[in-house]
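Please look through the structure shown below before reading on. The briefing that follows takes up a few of its local features, one topic at a time.

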Amino acid sequence: MIVAIIQARMGSTRLPGKVMMDINNKPLLHYVINQVSNSTKIDKLIIATTTKNQDDQVVSYANSEGIEIFRGNEQDVLDRYYQCAKMYGADIIVRITSDCPLIDPKLIDKCVVEFTNNKFDYFSNIHKKQNEKWIYHLSGFPLGFAVEVFTFNALGKAWKNAKKLSEREHVTLYVLNNPQFFKIGNLENPNDYSDMRLAVDHKVDYDLVKLVIDHFSDNEIFDLDKIADFLNHNPQLKQMNSYLQFDEGYLKSLADDALKN
């Protein structure tokens, strides 16, 4: 069974409560759920949130939308994913984060097809092999269009063996750090849209995403190429948040590893 797990919590450090921030009378989380739900390759969708009281709001919203919910560890996101996947009997996991409200369901499907056809342990569009190492790389996609697909077996190995704080927080980092144990693949975009930042980590990101959503019709299923065309015809919009670093959360985790050591 292919299970999409969307991680969502209210306690984001850079933009607290962002998953429930309103765009046209709908929370940000609505758009993530709606986009993922339009994937044709997903058998089940789960929201994985935390056991903290503040995330009762996420649970209430998921319940109101008929979306199944799992509650787990806030900081150890790897454990949250593993326990969630185990509970729901996932064979293949598609990882989506709740800061990606415009994620393209066709991109999800493409990643799942590439993953299954080539029998990978792990496949994504946000990593690239460089000097025999897998590094975080946008691969021509905008920030906010990350798709990761992996087996439950690979997730279990990471859960059992990952020791670094960064590997517990970023779920799949142990796999990327130990490519000798896994068959890894990646997808690159033939068009370079990496100058577009469409994840919501800061207020200015929210402002840009709202402008994009407002441009399209109600109940739009957002398409990457259509969004890119809109932004390329309005380059001033791309500049709104271009000063922000695309991998700031990842770099912070690495710095936390260094402090621990």
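Please keep in mind that the model is predicted.

**Two packed helices**

- Two packed helices are described by the angle between their axes and the distance between the axes.
- Helix α8, which covers residues 203–215, packs against helix α9, residues 224–232, at an angle of about 110°, and their axes are 11 Å apart.
- Angles of 65 to 115 degrees count as roughly perpendicular, and α8 and α9 are therefore roughly perpendicular to each other.
- On the α8 side the residues that meet α9 are Leu208, Leu211, Val212 and His215, while α9 contributes Ile227, Phe230 and Leu231.
- Sorted by class, this contact of α8 with α9 is made of six nonpolar residues and one polar residue, with no charged residues.

**Aromatic pairs**

- In the whole structure, a search finds eight aromatic pairs.
- One of them is formed by Tyr82 and Trp159, whose rings are stacked, with 4.1 Å from centre to centre and 15° between the planes.
- Because Tyr82 lies in helix α3 (residues 77–87) and Trp159 in helix α5 (residues 152–161), the pair ties together parts that are 77 residues apart in sequence.
- Tyr82 is buried, with a relative accessible area of 11%, whereas Trp159 is partly exposed, with a value of 29%.
- Phe216 and Phe230 form an edge-to-face pair, because their ring centres are 6.3 Å apart and their planes stand at 70°.
- Phe216 lies in the loop between α8 and α9 and Phe230 in helix α9, so this pair ties together parts that are 14 residues apart in sequence.
- Phe216 is buried at a relative accessible area of 15%, and Phe230 is buried as well, at 12%.
- Phe216 and Phe230 also belong to one aromatic cluster, together with Tyr31 and Phe222.

- Glu148 is placed in strand β10, which covers residues 148–151.
- Is Glu148 buried or exposed? Buried means under 20% relative accessible area, so Glu148, at 4% relative accessibility, counts as buried.
- Leaving aside residues up to four places away in sequence, Glu148 touches several others, including Ile93, Arg95, Tyr122, His127 and Thr172.
- The side chain of Glu148 makes a polar contact of 2.5 Å with the side chain of Tyr122, and another polar contact, of 2.4 Å, with the side chain of Thr172.

Note on methods
Residues numbered from 1 in each chain as written. Predicted model: local features only at pLDDT ≥ 70, side-chain atom pairs only at ≥ 80, totals over all residues. Heavy atoms only, no water. Helix = DSSP H or I, 4+ residues; strand = E, 2+ residues; numbered from the N terminus. Buried < 20%, exposed > 50% of the residue type's maximum accessible area, 1.4 Å probe, protein only. Contact = heavy atoms within 4.5 Å. Polar contact = N/O pair within 3.5 Å; in protein donor to acceptor, adjacent residues only side chain to side chain. Axes fitted to C-alpha atoms, helices over the stretch in contact; angles between N-to-C directions. Parallel < 35°, antiparallel > 145°, perpendicular 65-115°, else oblique. Nonpolar A, V, L, I, M, F, W, Y, C, P; charged D, E, K, R; others polar. Phe/Tyr/Trp six-rings, centres within 6.5 Å; stacked < 30°, edge-to-face > 60°.
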